[in-house]
Amino acid sequence: AGRSPHYGYGRLNARKAVELAMPTQPPQDRTVTVTARKDVAIRDLRSASLPVDVAEAAPVKKVAVEVDIEHTYIGDLNVSLTFPPASGVKPIVLHANAGGGADNLRVKYDTVNTPALAALIGKKANGRWTLVVKDTAKFDTGRIRAITVQLTV
């Protein structure tokens with residue numbers, strides 16, 4: 001009397017039973033965006049840089065980098081991105097003296113238009129990322145305005 005061959009003597013907590021029966025949800029992807037804004041002068045035949053510190057330690061699933069560079073002759077510019085040493089990823093060239101006399105470089109780079117960025121997939125992103133701009137000719141100058149790193153982890 002009062003004993004079930006399936007459930008014993010105890011009571012059944014219906015809420016707990018439903019929670020335990022629910023399938024586990026995989027963790028949702030998150031988008032992390034970090035921006036550094038600072039006017040950094042780009043002088044003739046010199047390099048300028050703007051670092052951005054990324055605190056996210058989860059492995060990267062997707063990456064995009066947006067640069068805002070004011071310059072009167074973007075064909076003078078070689079733009080690259082360096083990563084934290086722990087990532088093991090070598091510097092990646094984003095812009096290599098293309099564009100001739102066009103003004104300003106406001107571009108979003110991702111793995112579609114810059115396949116080399118795929119080297120970051122699966123790596124931990126935390127640490128200092130640095131945008132490096134080299135002016136390779138005389139007579140035109142400018143400034144780095146901003147860099148934005150957007151990661152899906």
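## One aromatic pair

Two rings of Phe, Tyr or Trp count as an aromatic pair if their centres lie within 6.5 Å, and the pair is called edge-to-face when the planes are over 60 degrees apart. Keep that in mind as you look at this structure, which is a predicted model. A search through the whole structure turns up 1 aromatic pair. The partners are phenylalanine 83 and tryptophan 129, with 5.0 Å from centre to centre and 80 degrees between the planes, which makes the pair edge-to-face.

What does this pair tie together? Phenylalanine 83 sits in the loop between β4 and β5, while tryptophan 129 belongs to strand β7, so the pair links parts that are 46 residues apart in sequence. Are the two residues buried or exposed? Phenylalanine 83 is buried, at a relative accessible area of 8%, and tryptophan 129 is buried too, at 0%.

## The sheet around β7 and β4

Let's look at the strands next. Strands of a sheet pair through backbone hydrogen bonds, and they can do so in a parallel or an antiparallel way. Here, β2, β7, β4 and β5 line up in that order as an open sheet of 4 strands, with antiparallel pairing. At the edges you'll find β2 (47-54) and β5, each of them pairing on one side only. From one strand to the next, the twist averages 15 degrees.

Now go through the pairings. β2 and β7 are joined by 8 bridges, and one example to look for is alanine 48, whose bridge partner in β7 is valine 133. Strand β7 (residues 127-135) is also joined to strand β4 (residues 77-82), this time by 6 bridges.

How many bridges hold β1 and strand β8 (residues 142-152) together? They pair over 10 bridges in the antiparallel sense. Among the facing residues, alanine 36 stands opposite isoleucine 147 in β8.

## Glutamate 70

Strand β3 (residues 62-71) includes glutamate 70. With a relative accessible area of 19%, glutamate 70 counts as buried, because the cut-off is under 20%. Which residue does its side chain make a polar contact with? The partner is the side chain of arginine 106, at 3.5 Å.

Not counting residues up to four places away in sequence, glutamate 70 touches Ile42, Asn104, Arg106, Gly142, Arg143 and Arg145.

## Serine 87

Head back to the loop between β4 and β5, where you'll find serine 87. Serine 87 is buried, with a relative accessible area of 7%. Its side chain reaches the backbone nitrogen of valine 89 at 3.2 Å.

Once neighbours within four places in sequence are set aside, serine 87 is in contact with Lys123 and Lys124.

Note on methods
Residues are numbered from 1 along each chain as its sequence is written. This is a predicted model: local features need pLDDT of at least 70, side-chain atom pairs count only at pLDDT 80 or more; totals for chains, interfaces and linings use all residues. Side-chain values use heavy atoms; hydrogens and water are left out. Two strands pair if DSSP finds at least two bridges between them. Helices (H or I, at least four residues) and strands (E, at least two) are DSSP runs, numbered from the N terminus. Axes are lines fitted to C-alpha atoms, for helices over the stretch in contact, and angles run from 0 to 180 degrees between N-to-C directions. Rings of Phe, Tyr and Trp (its six-membered ring) pair if their centres lie within 6.5 Å; planes under 30 degrees apart count as stacked, over 60 as edge-to-face and the rest as tilted. Buried means under 20% relative accessible area, exposed over 50%, partly exposed in between (1.4 Å probe, protein chains only). A polar contact is a pair of N or O atoms within 3.5 Å; within protein, one must be able to donate a hydrogen and the other to accept it, and residues adjacent in sequence count only if both atoms are side-chain atoms. Contact means heavy atoms within 4.5 Å.
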